[in-house]
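Biologist: I would like to learn how to read the features of a model. Could we go through one together?

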Amino acid sequence: MAGTIGAVGNNSLGVTGVNWKVRLLGIGMTNVTLDNNNEVQCIDTDGFSTGQIIEGLNIILQQKKAGLNIRAVNMSWGGWYTPPYQYELEDDPYYVAFKAVSDAGVILAAAAGNEFQNLDAPGGPGSDPYNPKEDYRWKICVPACFKLANLITVGAVSADKSWCDFSNYSPNYVDIAAPGAAIMSTLPRYVWLNGKVTSEDLYGKYNGTSMATPHVTGAVALLCAAYPDKTAGEIKELLLNNADKNFAKEGKSAYGMLDLGAAMKAGAPAPTPTPKPSGGSSGCNGGIPFVALLSVMAVAFFKKKR
């Protein structure tokens, strides 16, 4: 996720991120076992609890309130959640934690999930080839299905711009799609490989909406750097309204496929015409040079999916 958001470009090394200069704040939520020399011995690959997620979101909110310029959170993870039917979702501590970050003016980019599901009508056993016994009915995929002012839910497309079959979809819950098939990026320095922890600097390819989401997070960061005075809501609107509606839209997402170039152009002010010189000859329209200072803070949770 971090490499897709911000791997340095034009240096003849590894891969290139959406941003070539960006600051990342990693929030660790998994359990890591260290030895007496503080070397990593074991990484919990079974995910993390609701409580750990809430704690991570609270840390982001605290840092934002303390003055850290956090503009986007990458959430390449998710899970299926039984809604608290006994009371309103707005009273659920899990939902409240996400809403608090959104209300603080931070964009949350969330993975749609890799369960082959229509999020409007999740299926029962047999609907997910990866987990054929799983029953998704009467559940919601979160945070993908939370309706928040500054949340963007991301599905996955392949190199040919077709929808990835594993990616969850919905024109009501999935906002936009981004590349999520065979994505080459950096891997964490400490990874669980072949039954043991290795600390080599690695690169690798993965599939999943977890790979698509940091493309959107990176796009948000770049737009925030280019237009620092725009609010989170304005950045979200700029990104979604300028998505490519020719791909990944009908029945799959609300807006289509990520088009960062179009969003960048749409956010720029209109060129100011140069006054015509006296004497009647025609003049030329003058443009405004574009300079983006990448001084944004993008936050990435590191949770590998398929």
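Biologist: In which sense do β8 and β9 pair, and over how many bridges?

Modeller: β8 and β9 pair in the parallel sense, over four bridges. Two strands pair if DSSP finds at least two bridges between them. Strands (E, at least two residues) and helices (H or I, at least four) are DSSP runs, numbered from the N terminus. One case is valine 154, which stands opposite isoleucine 176 in β9. β6 and β8 also pair in the parallel sense over four bridges. There, isoleucine 152 in β8 is the bridge partner of alanine 109.

Biologist: What should I know about the model and its numbering?

Modeller: This is a predicted model; local features need pLDDT of at least 70, side-chain atom pairs count only at pLDDT 80 or more, and totals for chains, interfaces and linings use all residues. Residues are numbered from 1 along each chain as its sequence is written, and side-chain values use heavy atoms, with hydrogens and water left out.

Biologist: How many residues of β8 are buried, and on which faces do they lie?

Modeller: In a regular strand the side chains alternate between the two faces of the sheet. Buried means under 20% relative accessible area, exposed over 50%, and partly exposed in between (1.4 Å probe, protein chains only). In β8, seven of its seven residues are buried. Leu151, Thr153, Gly155 and Val157 are on one side. Ile152, Val154 and Ala156 are on the other.

Biologist: Which residues have the most contacts inside the largest nonpolar core?

Modeller: A nonpolar core is a set of buried Ala, Val, Leu, Ile, Met, Phe, Trp, Tyr and Cys residues joined through side-chain atoms within 4.5 Å. The largest one here has 29 residues. Ile152, Ile176, Val216, Val220, Leu223 and Leu239 have the most contacts inside it. The elements giving two or more residues to this core are β6 (107-111), β8 (151-157), β9 (176-179), α4 (209-226), α5 (232-241) and α6 (260-267). The largest share, eight residues, comes from α4. Another core lies apart from this one, with 24 residues, among them Met29, Trp77, Tyr81 and Tyr95.

Biologist: What does isoleucine 176 touch?

Modeller: Contact means heavy atoms within 4.5 Å. Not counting residues up to four places away in sequence, isoleucine 176 touches a set including Ile152, Val154, Val216, Leu239 and Met257.

Biologist: How many aromatic pairs are there?

Modeller: A pair of aromatic rings is described by the distance of the centres and the angle of the planes. Rings of Phe, Tyr and Trp (its six-membered ring) pair if their centres lie within 6.5 Å; planes under 30 degrees apart count as stacked, over 60 as edge-to-face and the rest as tilted. By this rule the count is eight. Take tryptophan 77 and phenylalanine 98: the ring centres are 6.1 Å apart and the planes are at 45 degrees, so the pair is tilted. Tryptophan 77 is in the loop between β4 (70-75) and β5 (79-81), and phenylalanine 98 is in helix α3 (residues 93-103), 21 residues apart. Both are buried. Now take tyrosine 94 and phenylalanine 98: centres 5.1 Å apart, planes at 80 degrees, so this pair is edge-to-face. These two are four residues apart in α3, about one helical turn. Ring pairs link Trp77, Tyr81, Tyr94, Tyr95, Phe98 and Phe146 into a cluster.

Biologist: Where does the charged end of lysine 252 sit?

Modeller: A charge sits over a ring if NZ of Lys or CZ of Arg is within 6 Å of the ring centre and within 35 degrees of the ring normal. The charged end of lysine 252 sits over the ring of tyrosine 169, 4.2 Å from its centre. That of lysine 230 sits over the ring of tyrosine 227, at 5.7 Å.
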